[in-house]
Amino acid sequence: MSEIEKHTIRIETPFIRLDQMLKFCGMAETGGHAKEIVEEGVCLVNGSICLQRGKKLFPGDTLLVDDILIEVDGL
């Protein structure tokens, strides 16, 4: 089992959509690529598989894709 790489991403808005977060943190190169990642069912938001690319992520939420864990932080 691989070790999980953890990152904290700070947003300056009340929320960020899942597909936007994938692009913002560099996991997806384009919106289309982000859509493919979400449709593959590899995104876990707060521990549950998420297939909604428009899912709103708020400060305190977590996103796990493969071995990368993103913690959403706000102002």
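Which residue in the turn of the hairpin formed by β6 and β7 has a positive phi? Asp-66 does, at about 55 degrees, in a hairpin that leaves 2 residues between β6 and β7.

Before I go further, a word on what we are looking at: this is a predicted model, in which local features need pLDDT of at least 70, side-chain atom pairs count only at pLDDT 80 or more, and totals for chains, interfaces and linings use all residues. Residues are numbered from 1 along each chain as its sequence is written, and side-chain values use heavy atoms, with hydrogens and water left out.

Let me start with the sheet. Helices (H or I, at least four residues) and strands (E, at least two) are taken as DSSP runs and numbered from the N terminus, and two strands pair if DSSP finds at least two bridges between them. On that basis there is an open sheet of 5 strands, in the order β1-β7-β6-β3-β4, with mixed pairing. Its edge strands are β1 and β4 (48-49), each of which pairs on one side only.

Strand β6, residues 62-65, has a covered face with Leu-63 and Val-65, and an uncovered face with Thr-62 and Leu-64.

Now to the charged pairs. A salt bridge here is a side-chain nitrogen of Lys or Arg within 4 Å of a carboxyl oxygen of Asp or Glu, and the structure holds 2 of them. One joins Asp-73 to Arg-10, with the closest N and O atoms 2.9 Å apart. Because Asp-73 lies in strand β7 (residues 68-73) and Arg-10 in strand β1 (residues 5-10), the pair ties together parts that are 63 residues apart in sequence. For accessibility, buried means under 20% relative accessible area, exposed over 50%, and partly exposed in between, using a 1.4 Å probe and protein chains only. Asp-73 is partly exposed at 27%, and Arg-10 is likewise partly exposed, at 48%.

The other salt bridge is formed by the side chains of Arg-17 and Asp-19, at 2.8 Å from N to O. Arg-17 is partly exposed, with 34% relative accessibility, whereas Asp-19 counts as buried at 9%. Asp-19 sits in helix α1, residues 18-24, and, leaving aside its neighbours within four places in sequence, it is in contact (heavy atoms within 4.5 Å) with Ala-34 and Arg-53.

Finally, what of the cysteines? A disulfide is a pair of cysteine sulfur atoms within 2.5 Å, and a search of the whole structure finds 0 of them. The sulfur of Cys-43 has its closest cysteine sulfur in Cys-50, at 7.1 Å, which is too far for a bond. Cys-43 is buried at 0% relative accessibility, and Cys-50 is buried as well, at 6%.
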